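Please look over the sequence and the 3D structure shown here before reading the notes that follow.

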Amino acid sequence: MSWGTELWDQFDNLEKHTQWGIDVLEKYIKFVKERTEIEISYAKQLRNLSKKYQPKKNSKEEEEYKYTSCKSFLATLNEMNDYAGQHEVISENMTFQITAELTRFVQELKQERKSHFHDGRKAQQYIETSWKQLEASKRRFERDCKEADRAQQYFEKMDADINVTKADVEKARQQAQIRHQMADDSKAEYSSILQKFNHEQREHYHTQIPNIFQKIQEMEERRIVRLGECMKTYAEVDRQVIPIIGKCLDGITKAAESIDQKKDSQLVIEAFKSGFEPPGDIDFEDFTQPMKRTVSESSLSNSRWDGKSEPRPGSKSKGKLWPFIKKNKGGGPEDFSNLPPEQRRKKLQQKVDELNKDIQKEMDQRDALTKMKDVYIKNPQMGDAASVDHKLAELGQNMEKLRLEAQKFEGWLAEVEGRLPVRTEQTRRQSGMYDTQNTSAVNNCAQDRESSPDGSYTEEPSQESEMKVPVTEFDDEFDDEEPLPTIGTCKALYTFEGQNEGTISVTEGEMLYVIEEDKGDGWTRIRRNEEEEGYVPTSYVEVYLDKNAKDS
């Protein structure tokens, strides 16, 4: 089965067919190129989708990802990112292994095809030229033969005519001989050209054209084989990433299986547990007896007052306590005393951890600068050691501030966790007077709620109604104590917003009077004038005690 023997006369059709074959290759290249574009676009969309649902840093969303279900979703997003990467690999491999290689092959194929058909046309032109030479020789031989016959007939006519002179007859005879000689020469030439043409024609149709067509056939078969190989590569490129895609899907499955509903439920408890005890039973109030309404005690109120406080009539409620508490809008106090105990403990622990991290960071910077200074001292040409001193001093100041802050929050944390003895007057002020702010609301829960027909409770519209509230020992002592004498002065190093009861606000650089030293709880009692006095953090002021006060 050879195109040279079977298709010896189909030069034009073979030319069209081979051009069609190249067009098929180019069409397949275009197909693969569009597939790679789809893969890139799909991978980009997957990456954007994964990025869109990633939690934003330092946002509420990031806190939600402590739950196992949210962690599983985050793992799914990360796996989808890897999944998108595999589609990029598919696009890249198809581009280099198929599109680029096949494009180069098509260019080589076009050059080879052009060369083969150029040789074929050249052979055809040569055989056509030989054919024209043969035809010309044949026509010349035919013409010479006819001329020789006419010259012979004319000689015979002249020879038979008695009126013609002998010289004319001799002339006609010589002319006839010349014509016969020309016919013989033309015959010999025609015979020679014919033999040559027949040889060239056999060579053309049995050797040259078969060889050229055989090369064209081999070229076309290589094109077909190459197309098949590319189709196989197309499938292999997809198959190569299947194991990795499988691992991505396994990762998503594993993440889904790691979801622990019990753990998430426990996290909800840790996130929202207040630390309060549920309210106890409400005492029956007999309105048939004289009006002696007292605040009903509950497990919550007992746990807060420890039986040390007594009711003081005429006080006003400062807000209702959980579960009837209304959330305080805006920023809370520095010691988080507006939060329930458990939530306050968590916030304080978080703040302590953050401060410790900041301290460690400053220490690392200080150590690095110290090493740099040592290097500068040993090798002055590398830098000036004195240039590092200012930065070291600044780091030292920052570390001192952070340590004071950490000590302050650790004190509050120790108080919340019950690691300190019974709270004194100062420690009550230090914690932001949490009891005095909220104890009145605890015992007024019963009076702030009305029983509806279906047994549910509703809150009174007014939060400022007159109620009987317990008074702490501190309140009695604070009301009765005489103004303390001045023992020194102080300068506010930083601005302090005294939002809690018992504290006082100061601005940076302000000079005030000291009336009570720090007793070890981190607070100093100061006075601005006869009417304004309170506690500020000791770390926020620079104290100058009188000599008499120091001696005493």
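Patches are made of residues with over 30% relative accessible area and no salt bridge, with like charges joined within 9 Å and nonpolar side chains (Val, Leu, Ile, Met, Phe, Trp, Tyr) within 5 Å. This is a predicted model, in which local features need pLDDT of at least 70 and side-chain atom pairs count only at pLDDT 80 or more, while totals for chains, interfaces and linings use all residues. Residues are numbered from 1 along each chain as its sequence is written, and side-chain values use heavy atoms, with hydrogens and water left out.

**Surface patch**
- L49, Y53 and F73 make a nonpolar surface patch of about 280 Å², where accessible areas come from the Shrake-Rupley method with a 1.4 Å probe and, for residues, only the protein chains shown count as cover.
- L49 belongs to helix 2, residues 11-52, helices (H or I, at least four residues) and strands (E, at least two) being DSSP runs numbered from the N terminus.
- L49 counts as partly exposed because its relative accessibility is 43%, given that buried means under 20%, exposed over 50%, and partly exposed in between (1.4 Å probe, protein chains only).

**Strand 5 and its partners**
- Strand 5, residues 488-492, has G488, C490 and A492 on a covered face, and T489 and K491 on an uncovered one.
- Strand 5 runs antiparallel to strand 6 (residues 511-516), joined by 4 bridges, and G488 stands opposite V514 there; two strands pair if DSSP finds at least two bridges between them.
- Strand 5 also runs antiparallel to strand 9 (residues 541-545), with 5 bridges, and L545 is the bridge partner of G488 in strand 9.

**Cysteines**
- The structure holds 0 disulfides, a disulfide being a pair of cysteine sulfur atoms within 2.5 Å.
- C230 counts as buried because its relative accessibility is 4%, and C248 counts as buried at 4% relative accessibility.

Key: Salt bridge = Lys/Arg side-chain N within 4 Å of Asp/Glu carboxyl O.
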